[in-house]
Amino acid sequence: MDARHPSLVQRQPRARRGPLSGIRVADFCWMGVGSVATRMLADFGAEVIKIESRTRLDLPRRLPLYKNDSRSFGAEDPDPDPDKGGLFNNYSRNKLGVTINMRSVEGRELAERLIAQSSVVTENFAPGVMAGWNLTYERLRALCPEVIYAHMSGFGQSGPHHTYRSYGPVVQAVSGLSFISGLPDREPSGWGLSYMDNQAAYYNSAALLMAIMHRNATGKGTEIDTSAVEVGVSLLGPDLLDVTVNARPTRRPGFPPGNRLEHPQAAPHGVYPCAGEDRWVAVAVFDDTDWHRLIEAIGNPAWTTDPRFASGSSRFAHADALDAHLAEWTRHRSPHEVMTLLQDNGVCAGAVQDARDLNEVDPQLAHRGTFFELDHPVIGPARFEGTPVTFSRIEQDNWRSAPLLGEDNAYVFSDILGLSTNEVADLAAAGVI
Amino acid sequence: MTTAQTGTAGSPPLPYSGLTVVEWAGDPAGEGTGRLLAELGADVIKIEPPQGSPTRRIGPFAHDVVSADTSLTFWYYNFGKRSVVPDGSESDQALLHRLLVGADVLLITLRPREIAAAGLDYSALLTTHPQLIILSVTAFGLDGPWADYRTCDLVGLAAGGPLASCGYDDHSIPPIRPGGNQGYHTAASFAHCGLLLALLDRQRTGAGQLVDVSMHESLAVSGELANPYWFYPKVLVHRQTCRHAQPVPTQPALFRCADDRWVYFALILADRKPWDALVAWMESLGVAADLTDTAYDDLAHRQQNFQHIQELIECLFLLQDATTAYHEGQRRGLPIGPVNAPEDVLDDEHLQARNFFTTVAFDSDLSALVPTSPYRFSSFQTVAPTRAPWLGEHTGQVLAAEEADR
């Protein structure tokens, strides 16, 4: 062991710090939602043991987000190096990783032994997969009294559509979030990301934390059933109450309003072109005070005295003309120049930042240390998205980048489950791990 | 948290039974955080200025009647809270200090400049209330060069990154803000998790702390693929109509149906199973054309003819309405979603079977459907929301209780 590369020696599991230290999670999650949900537990001290299949690799291990190797999703490597995937690294830092072949009797026995040594079990397979391995709540309670068992699925564990397939964009469509996003009277622009993978993950993190807090206080475990579609519907916002309270459908001319803001009526309120290719800045003016700050900041050009722009309601009514004037001013300036000038004058404005801006330009994220770095034996040093919360007493415990496939088999199966080195070797030879 | 965690006999507790939160919040991020807590059993005491929270002035309004008590924006973010308006007999600070005596959490949305203007000092508060958790939810966090900058949902989404990924294929159209205050909602989700981590720490140590949540950072870590594409291959993603922003353009994923509604369907060419399911479906409706040729067994051939395949998929969906396409596609194992409007989800048989919506009485003659909390725990009762408070509705009740406690 001592002959190994120093970076590998440093990857040995160690005691964890944080409010979740001492809590072991048997984590069957994969893909986006589940992996992001359990990431927060791993970040704050839980021993999250990610259980993976060698034959059915987690998609983030396969997606071609490789360092210094740009290719599209369509150009996936047919035989990918499972340890090269950047998305997996981002999702599974601070977790342990083991491989178990759940199709084998021995594999399922091993999983049960691991569950018995854990106190939280998480999964986001299609409903029925865990039950197919006899890993029901009843069975889990027999293995581990007062277990917390969290199911994270698109549609929940019950109901006529519970077996329907989904991922972020499908959840966004079904829940109504795509429909309310776009310019009026044409197809929705919806979302350019799996917003609901993130939000469902954050809701699932909170559900797990609530369950752990409750068990700490009462000794009682729980089963959790969270449906991403239901989280999505609950996030629709005040538009949903306009439908249910006022019986005002959203399938109506002029809805959704794009970047305009009707409640409250704000103008200018939009995204304006800037110097450079496809560069933009968002500006939001809510009242007369904002308006006077804006026109002062941009040097009181003649058009601002147009009587059409004299009051808030009139500015809103003539937003097209107003937007055209403002765009003429913004288009000769950089997004950050506009943002800084307007914000320093008390006007709400923000550069439309891309990932390069966030990582290399944004002084606020740099100051707050939002992103952090960890080394990885195959990928090398990489950046990670941190927790957007700063605590005065606790901090994220970053001890390691994501596990190599099966990296912690020896530690988990020997040190935790008590198997001998020979037994572990036999399981590996038999294709069980 | 007090011992109320155990609940009364026969009535399982809610996750936050016994938790008292004093809320001094004026935007949907802070108020939305308080809503999550109130919905799950916390006693959230909302301190409002005499004219009410700023969100009380934001429409739409119930039956279009504009008043402090009819804002649907306020209603949405303040389910289940109590509202207190200082009666002027003491300063706001004095009232706050009194309310904090029995509180677990101070939920507050002031920026640094506003904290100073309000005469507040969080460190001092934590010294005098060592078990208190101060949950600060702000635009950019409590320090840093942008800490006093302003935000709103649009500006938050812009500066935080997600907006750059959202819009249309046509890049002469600016990025388009997704609807429903999702920038604020993202901050609220992290505020909820941050508070839980602090509560867990307090369970072990007894100590409170400052939890400083930044909406900007919350959005900066929620762009999904955008950051990893920059961290690893160092490429930027570009927005596309209602589908993932990608480094290079991909095929459209919205299809118009016979009833003029849309479905979302992204065909992953490399996977054989959905391909076979799709072709069988098209065959059953007589629009498979040449896709049944064995040449399409080869991935490269499918890739070369993706445009042709897309055109045939367009035909497939034009033959049926969106609801039929949704259920038939899903029956065949394809991940298809109808682009539902909010009014459509109210009639969804699946959500109905799960009792997801419940009727809330807002007034003696006004009740309406609202979603229940999406958290389902076997150990807790199902959570049904109660309406938002009228302005100052609980002033007498809360202040009287405080008097009695003194």
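Two strands are taken to pair if DSSP finds at least two bridges between them. In this predicted model, strand 12 (residues 389-391) of chain A and strand 7 (residues 209-214) of chain B are joined by three bridges. The two strands run antiparallel. Within this pairing, Val389(A) lies opposite Val213(B).

The contact between the chains draws on 132 residues of chain A and 129 residues of chain B. On the chain A side, helix 9 (residues 195-218) contributes the most, with 18 residues. By class, that side comprises 64 nonpolar, 48 polar and 20 charged residues.

The largest nonpolar core holds 238 residues. Val281(A), Ala282(A) and Val263(B) have the most contacts inside this core. Helix 9 of chain A supplies the largest share of the core, 14 residues. Nonpolar side chains tend to be buried together in soluble globular proteins. Beyond residues up to four places away in sequence, Val281(A) touches Tyr272(A), Cys274(A) and Thr330(A), along with Pro335(A), Val338(A) and Met339(A). Ala349(A), Ala351(A) and Val352(A) complete the list.

Pro256(A) sits in the loop of chain A between helix 11 (238-246) and strand 7 (269-273). Pro256(A) has 25 C-beta neighbours inside 10 Å and therefore counts as buried; the cut-off is 20 or more. Neighbours within four places in sequence aside, Pro256(A) contacts Ile180(A), Ser181(A), Gly182(A) and Pro184(A), and also Gly179(B). Met339(A) is 83 residues from Pro256(A) along the chain, and 26 Å separates their C-alpha atoms.

How values were computed. Residues are numbered from 1 along each chain as its sequence is written. Chains are lettered from A and ligands numbered from 1 in the order in which they are written. This is a predicted model: local features need pLDDT of at least 70, side-chain atom pairs count only at pLDDT 80 or more; totals for chains, interfaces and linings use all residues. Helices (H or I, at least four residues) and strands (E, at least two) are DSSP runs, numbered from the N terminus. A residue is buried if 20 or more other C-beta atoms lie within 10 Å of its own, exposed if 12 or fewer, and partly exposed in between; C-beta atoms are placed from the backbone. Two residues are in contact if their C-beta atoms, placed from the backbone, lie within 7 Å. Ala, Val, Leu, Ile, Met, Phe, Trp, Tyr, Cys and Pro count as nonpolar, Asp, Glu, Lys and Arg as charged, and the others, Gly among them, as polar. A nonpolar core is a set of buried Ala, Val, Leu, Ile, Met, Phe, Trp, Tyr and Cys residues joined through C-beta atoms within 7 Å.
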